[in-house]
Amino acid sequence: MTVAFVGLIFMQTRWISEASDLKSSHFEQLVHQSIDDVISRLETNEISAVKSSYTPNGATITPLLRRRQIGTDLSKTSSDFNISIDVDMNGQFSLNTYRKDSLISVQRGQASLNNGIVKLDPMTNAMIAIQNELHNRIDEQSYLLMHSAFEDMPIEQRVNQQRLDAMLWRAFEERGITQTFEFAVSNSKETIVLQTPGYAPNEKDKIYKKQLFPKDVHAKIHALQVYFPEKKTFFSESIGLILPSAIFTLMVLAVFIYTIYVIFSQKKIDQIKDDFINNMTHEFKTPIATIMLAAGMMKDSSINLTKESIIKKAGIIINECQRQRNMVERILSIAAIDSGRLKLNFKMLDINEIVENVADTFRMQVEKEGGELNAQIEATMSETLVDEVHFTNVIYNLIENAFKYRKPDTPPKLYIRTRDTNGGIIISIKDSGLGISKENLNRIFDKFYRVPTGNVHNVKGFGLGLSYVKSIIDLHGAQITVESELNIGTKFEIFLPLKNSKNG
């Protein structure tokens, strides 16, 4: 799943990147085409301006062009050429034109009658070829002359800024480019001589640069520079496509994370279930074995039983059955709490009395181990609404845990106290036992969780005691906190708000 998801993200990122590069390349191509078109139009317009100022009889011509024409007679251009004509008997001819002893061109033709076509005189064909060659030479010289007429003019006089702006705008619009642009014209010394008011490119702005008038006879490197200050990126233009893709990708990621969470949760639940079954089997096997042993001894006729021994064995059976019953009720109570079916029977009770009765129940066991149990009943306002059975079980479970998780070979010491507080009563249960590490302290109220006890194997249970305590405390609207330190001890405190039948 991870490889597939990473591959999906990689392919989407690569596709977006390639699409962005493709669109950027297409944009640059359109910009270059537009600028080339404008430069071509500038040259065409310049030639047209020269031609419009020149009449066939030479009566009207610009002073600059006339100055350029001094010492040059286009009608005498043919005198610079040597022309030779070779005509054979079959009507084939060869026309060679020379200039200053350098071979310029060779033209060949055939004047014959083919398929009924009228045969022209070879000399006529030769004269036509000569005339065409002279016209081409004259046109070429005229073109060069008209271009050379502007070479010495500064580039800012050859280019009109307003006209160039209009030509660029039109060329960009024809190719679908509607973004704002700025431009400048630089001379051969790379000095900007014309520019729009907003021309101030940053380092991140890409400048499109092209040479102006590249067909000049002695072309100088004048350049047209264009850039787009508000150039949109592919991502901003394609947000309608990228945003849904990102949303669906995040959905896939959320489902992926949830799936992983469910897998690990299920694995944890399976392990908890196995631990619970093992603990439950162990917890039930011991009392069952004790009951069977006591019942077997009572049934064995070979054993001489007295009334006292029968009563003692019956008491063992009753205690073990009560123990199993309590375990079953605890499991059923947790199930009822989880399903919301547990209903508490609230009534006004004295909390001091409940705590003191449970403490007296454990005092004998603590003293049997050589320890001590100190109960300080200091609360003066101790009557409130509680469920007698379940709240008593809460106090019983906390004191039982304090007694069970004592240090090996060390007399246990338990401290139980009740005291008044603002709007309620505080019940604290403190011990000097094994303590709980910080790693386990946040999990002690989880169902089926049992704090590891190392080599201490005499601590039994399902891991439901503190989970049951937390659930009952919450149903009473109370709060429970815990402080603990390894090998020093643990302290539980319950804040129980005072309530009565009227405001409760």
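Visitor: How many helices and strands does the chain have?
Guide: Let's start with the whole chain, which is a predicted model of 504 residues. Of these residues, 35% count as buried. Its secondary structure comes to 12 helices and 14 strands.

Visitor: What share of the contacts with a separation of 6 or more comes from residues 24 or more positions apart?
Guide: Good question, as it tells us about links between parts of the chain that lie apart in sequence. Among contacts with a separation of 6 or more, residues 24 or more positions apart account for 67%.

Visitor: Which strands stand at the edges of the open sheet?
Guide: Follow the order of its 5 strands, β9-β11-β12-β14-β13, where the pairing is mixed. The strands at the edges have a single partner strand each, so one side of each is left without a neighbour in the sheet. They are β9 (372-377) and β13 (479-485).

Visitor: What is the average twist from one strand of this sheet to the next?
Guide: Picture stepping through the order β9-β11-β12-β14-β13. From one strand to the next, the twist averages 10°.

Visitor: Which residue in β14 is the bridge partner of Glu483?
Guide: Strands of a sheet pair through backbone hydrogen bonds, either parallel or antiparallel. Here β13 and β14 (residues 489-497) pair in the antiparallel sense, over 7 bridges. In β14, the bridge partner of Glu483 is Lys491.

Visitor: What angle does helix α12 make with β13?
Guide: Helix α12 (residues 465-475) packs on the sheet and touches β13 and β14. The direction of α12 makes an angle with that of β13 of about 145°.

Visitor: Which strands does helix α10 lie across?
Guide: Helix α10 covers residues 388-404 and runs at about 25° to β12. The strands that α10 lies across are β11 (413-421), β12 (424-431), β13 and β14.

Visitor: Which residues have the most contacts inside the largest nonpolar core?
Guide: In soluble globular proteins, nonpolar side chains tend to be buried together. The largest nonpolar core here has 43 residues, and the elements giving two or more residues to this core include α8 (307-339), α9 (351-368) and α10. Those with the most contacts inside the core are Phe391, Leu398 and Ile494.

Visitor: Which residues does Phe391 touch, not counting those up to four places away in sequence?
Guide: Phe391 is one of the residues with the most contacts inside the largest core. Leaving out residues up to four places away in sequence, Phe391 touches Ile351, Ile354, Val386, Ile427, Ile473, His476 and Leu496.

Visitor: Is Ser467 buried or exposed?
Guide: Ser467 sits in helix α12. Setting aside residues up to four places away in sequence, Ser467 touches Ile334, Phe445, Asp446 and Lys447. Its relative accessible area is 5%, and buried means under 20%, so Ser467 is buried.

Visitor: How many residues apart in sequence are the parts tied together by Glu28 and Lys206?
Guide: The whole structure has 13 salt bridges, and in one of them the side chains of Glu28 and Lys206 meet at 2.5 Å, N to O. Glu28 lies in helix α1 (residues 2-52), while Lys206 lies in the loop between β5 (192-195) and β6 (208-212). The pair therefore ties together parts whose separation in sequence is 178 residues.

Visitor: Which residues are linked in a network of salt bridges?
Guide: Arg41 and Asp37 meet in a salt bridge at 3.0 Å, N to O. Being 4 residues apart in helix α1, they are separated by about one helical turn. The network links Asp37, Arg41, Arg170 and Glu174.

Visitor: Where does Lys347, the salt-bridge partner of Glu388, lie?
Guide: The side chains of Glu388 and Lys347 meet at 3.2 Å, N to O. Glu388 is in helix α10, and the two residues are 41 residues apart. Lys347 lies in strand β8 (residues 346-350).

Visitor: What distance separates the C-alpha atoms of Glu173 and Ser34?
Guide: Glu173 is found in helix α5 (residues 161-174) and is partly exposed, at 44% relative accessibility. Along the chain, Glu173 and Ser34 are 139 residues apart. Their C-alpha atoms are separated by 9.1 Å.

Technical notes
Residues are numbered from 1 along each chain as its sequence is written. This is a predicted model: local features need pLDDT of at least 70, side-chain atom pairs count only at pLDDT 80 or more; totals for chains, interfaces and linings use all residues. Side-chain values use heavy atoms; hydrogens and water are left out. Two strands pair if DSSP finds at least two bridges between them. Axes are lines fitted to C-alpha atoms, for helices over the stretch in contact, and angles run from 0 to 180 degrees between N-to-C directions. Contact means heavy atoms within 4.5 Å. A salt bridge is a side-chain nitrogen of Lys or Arg within 4 Å of a carboxyl oxygen of Asp or Glu. Buried means under 20% relative accessible area, exposed over 50%, partly exposed in between (1.4 Å probe, protein chains only). A nonpolar core is a set of buried Ala, Val, Leu, Ile, Met, Phe, Trp, Tyr and Cys residues joined through side-chain atoms within 4.5 Å.
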